[in-house]
Amino acid sequence: MPKFLLVAVMLAALMVSGCSSDADADAVPDLSADKLYQQAQSLMSDADYSGAIRYLEALDSRYPFGALTDQVQLDLIYCYYKSRKSEMTSAVIARYLRLNPTGQYSDYVTYMKGLNEVQKHGDLIQDFIGLNRSQKDPSTYYEALQAFRELITAFPGSPYVHDARQRMLYIREQLAEREMHIASYYFEREAFLSAIRHCQSILYSFRNTSYLRPALEMMAKCYRRLGLIEPAQNTERVIAANYDRVS
């Protein structure tokens, strides 16, 4: 099936699920807290996150103070995230961390905060089509970096730290790619000072990415086009010293 037809089907499904969610909100039977949670767990195990959310929300509203309170919040975070309900995920995360800043599961919630910000950077249709995330507004990526830094600093022994570090490498690569796209845009239009500024952003903030060398090479070209021979030569020396050849 062509991609545009699949996208249309996905849009229709999202519209139907959005319309039905409100209608189903009151469809949860009057059960004990344990029974509601068991049903939510069963739905989660079947990857029916929308159904699980209905039961978890009912449990949260009917039994707000109980032995399952924290676990319900954790499961809501996960189900909202899997359902790509980013704003709902953010709201529950913020509430949990406000009430449990150093709680037993705060490392997991901080990790999910970072994942949620990464997810905000795209959406289901954009990811399906394969749009390059590096060219989008980077604000959520910076929020994700901050969340992962908080995790690493506050919970250095957390089992989520390793994955957080890997995701930070990916985010920095994406942000460096964005800076390189902008620098290339200005270079093609002979706005060499603007191109240099964005190359310097890579040099200062994203040095440990694959875009450092292209940024240095573009800087050298910009300096030469501006007639700034000494800065161009200095930059070329840096390239030669680090990469054993001059562009």
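Lys120 and Glu117 both belong to helix H6 (residues 106–120), where 3 residues, about one turn of the helix, separate them. In this predicted model, their side chains meet in a salt bridge, with an N to O distance of 3.1 Å. Glu117 is buried, at a relative accessible area of 10%, whereas Lys120 is partly exposed, at 24%.

## Other salt bridges

A search of the whole structure finds 8 salt bridges. Side chains of opposite charge can pair when their charged atoms come close.

One of the bridges joins the side chains of Arg225 and Glu190 at 3.6 Å, N to O. This pair links distant parts of the chain, 35 residues apart: Arg225 lies in helix H11 (residues 212–225), and Glu190 in the loop between helix H9 (161–188) and helix H10 (192–205). Arg225 is partly exposed, with 47% relative accessibility, while Glu190 is exposed, with 53%.

A salt bridge is also found between the side chains of Arg189 and Glu188, at 3.7 Å from N to O. Glu188 is exposed at 60% relative accessibility, and Arg189 is partly exposed at 49%.

## Helix H2 and its buried face

Helix H2 (residues 33–45) has 13 residues, which at 1.5 Å a residue should span 18 Å; the end C-alpha atoms are 18 Å apart, in agreement. The buried residues of H2 are Ala33, Leu36, Tyr37, Ala40, Leu43 and Met44. Viewed down the helix axis, they fall within an arc of 120° and therefore line one face of H2.

These buried residues pack against helix H3 (49–62) and helix H4 (69–82). H2 is followed by Ala47, which has a positive phi, near 60°.

Definitions and conventions
Residues are numbered from 1 along each chain as its sequence is written. This is a predicted model: local features need pLDDT of at least 70, side-chain atom pairs count only at pLDDT 80 or more; totals for chains, interfaces and linings use all residues. Side-chain values use heavy atoms; hydrogens and water are left out. Helices (H or I, at least four residues) and strands (E, at least two) are DSSP runs, numbered from the N terminus. The expected span of a helix is 1.5 Å times one less than its number of residues. Buried means under 20% relative accessible area, exposed over 50%, partly exposed in between (1.4 Å probe, protein chains only). The arc is that of the directions from the helix axis to the C-beta atoms. Contact means heavy atoms within 4.5 Å. A salt bridge is a side-chain nitrogen of Lys or Arg within 4 Å of a carboxyl oxygen of Asp or Glu.
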